[in-house]
Amino acid sequence: MKTYFDPTLADIEVGVPEPAVPLSRLNPQWLRQRFSAPPRWSPEFCMDNSSDETDRPLVAAAVLVPLVVQSDELRLLLTQRTAHLNDHAGQISFPGGRVDPGDEDKVATALRETEEEIGLHRRHVEVIGTLPEYVTGTGFRVTPVVALVHPPFELSADEFEVAEIFEVPMAFLMDGANHQRRHAILPSRPGRRSFYAMPFGDYFIWGATAAMLRNLYHFLRA
């Protein structure tokens with residue numbers, strides 16, 4: 001029987017909040033320039049600290065980091081996975097999934113999976129770059145594909161995989177004051193695990209999604 005870990009019960013580390021990414025950087029033009037000419041920077045995370053690459057072969061995957069362009073701000077489109085899935089059940093995630101043999105590249109994977117999961121047609125999606133690969137504790141090597149999404153568009157969730165689709169302001173997610181560092185003992189692994197969380201209303205963003213957002217945060221601050 002599977003043992004579930006409740007991240008909301010983990011201890012919160014008290015520290016000095018990190019600064020926010022300037023609002024002047026959270027606009028389409030600046031983001032296009034940043035990804036076309038990236039600075040020197042180092043990702044904070046490349047692997048979930050409960051992963052073990054020797055456990056099993058890693059599965060290539062890609063996710064879309066969809067930044068919806070609104071008149072006054074950018075908003076990140078996220079999904080909540082259904083509770084019955086084998087991997088990351090009930091968690092907040094980016095749309096995406098494993099690479100298929102017919103996919104031309106990781107960008108094609110992210111666009112195809114996004115269409116399948118939430119019905120977002122690729123004609124609304126402007127890919128501007130990628131972030132470093134991230135290895136999850138469930139054995140996936142994930143490439144985050146960052147894109148601007150231009151309304152108007154319609155969404156239709158795959159009811160098997162997606163329980164809910166929602167948006168979060170990028171100004172909230174790219175503010176270090178909203179990043180919580182937490183510590184807990186995992187039921188299936190020895191020792192304490194540290195991870196970031198970004199609670200937003202009723203949504204608890206943590207794990208791989210929060211780790212990739214932390215990498216985006218550092219990339220935009222660099």
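Arg-181 stands opposite Tyr-196 in strand 11, where a strand is a DSSP run of E of at least two residues, numbered, like the helices, from the N terminus. Ala-184 likewise faces Arg-193 of strand 11. Strand 10 (residues 180-185) and strand 11 (residues 192-200) are joined by 6 bridges in the antiparallel sense; two strands are taken to pair if DSSP finds at least two bridges between them.

The model is predicted, so that local features need pLDDT of at least 70 and side-chain atom pairs count only at pLDDT 80 or more, while totals for chains, interfaces and linings use all residues. Residues are numbered from 1 along each chain as its sequence is written, and side-chain values use heavy atoms, with hydrogens and water left out.

## Helix 1 against helix 4

Helix 1 (residues 28-36) and helix 4 (residues 207-221) pack with their axes 11 Å apart and at an angle of about 90°; helices are DSSP runs of H or I of at least four residues, and the axes are lines fitted to C-alpha atoms over the stretch in contact, with angles running from 0 to 180 degrees between N-to-C directions. Helix 1 is therefore roughly perpendicular to helix 4, a term that covers angles of 65 to 115 degrees.

Helix 1 makes this contact (heavy atoms within 4.5 Å) through Trp-30, Leu-31, Arg-34 and Phe-35, and helix 4 through Leu-216, Phe-219 and Leu-220. By class, the contact has 6 nonpolar residues, no polar residues and 1 charged residue, with Ala, Val, Leu, Ile, Met, Phe, Trp, Tyr, Cys and Pro counted as nonpolar, Asp, Glu, Lys and Arg as charged, and the others, Gly among them, as polar.

## The whole chain

The chain contains 4 helices and 12 strands. Of its 222 residues, 46% are buried, that is, under 20% relative accessible area with a 1.4 Å probe, protein chains only.

Technical notes
Buried < 20%, exposed > 50% of the residue type's maximum accessible area, 1.4 Å probe, protein only. Parallel < 35°, antiparallel > 145°, perpendicular 65-115°, else oblique.
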